[in-house]
Amino acid sequence: THSEAVSIVQGWYNAKPNVFGGSFNRSLVAQYTTGQLYYETLQKNEEGSSGGVGWLQDRGCYYTYDFSNIEQVWTFNSSASRPYLKIKIHEGLQLHGPSQYGCGSAFNSYRKNATYWFEKDNGTWKIYDYEVE
């Protein structure tokens with residue numbers, strides 16, 4: 001449903017400080033994601049380490065988040081082969097760590113439109129993939 005889709009995406013944004021922050025909580029990735037997003041977050045990496053989380057961990061980098069707000073829901077489509085939700089997100093975050101890896105950036109705040117696709121994983125709806133415009 002529309003409210004379930006919004007709840008899943010908001011849950012993922014709430015989990016991001018624990019996924020991409022210092023604790024690198026992989027169980028939260030499994031709780032909210034499946035398919036492509038799960039793969040890219042935990043498994044994919046050109047150097048052979050684990051996705052986004054592994055890249056951060058291997059380099060001693062991590063994110064802090066000041067806020068992640070869904071400001072608007074544009075569209076929810078449950079009749080597609082993969083239901084999707086289009087939203088406007090406002091997020092404030094900072095990347096910390098060694099500058100030699102491109103970490104240690106200034107605080108960044110952005111507003112962007114994003115589309116989230118969902119898929120059932122063992123009977124539970126999760127985020128399959130997303131795209132930021």
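Author: Two strands pair if DSSP finds at least two bridges between them; strands (E, at least two residues) and helices (H or I, at least four) are DSSP runs, numbered from the N terminus. This is a predicted model, where local features need pLDDT of at least 70, side-chain atom pairs count only at pLDDT 80 or more, and totals for chains, interfaces and linings use all residues. Residues are numbered from 1 along each chain as its sequence is written, and side-chain values use heavy atoms, with hydrogens and water left out.

Reader: In strand 2, which residue is the bridge partner of T75?

Author: The partner of T75 is K86. Strand 1 and strand 2 (residues 84-96) run antiparallel and are joined by 13 bridges.

Reader: What is the order of the strands in the open sheet?

Author: The 4 strands follow the order 1-2-3-4, with antiparallel pairing. Strand 1 (62-77) and strand 4 (124-132) are the edge strands, as each pairs on one side only.

Reader: How are the rings of Y116 and Y130 arranged?

Author: Rings of Phe, Tyr and Trp (its six-membered ring) pair if their centres lie within 6.5 Å; planes under 30 degrees apart count as stacked, over 60 as edge-to-face and the rest as tilted. For Y116 and Y130 the centres are 5.6 Å apart and the planes at 15 degrees, so the pair is stacked. Y116 belongs to strand 3 and Y130 to strand 4, so the pair ties together parts that are 14 residues apart in sequence.

Reader: Is Y116 buried or exposed?

Author: Buried means under 20% relative accessible area, exposed over 50%, partly exposed in between (1.4 Å probe, protein chains only). Y116, at 2%, is buried, whereas Y130, at 38%, is partly exposed.
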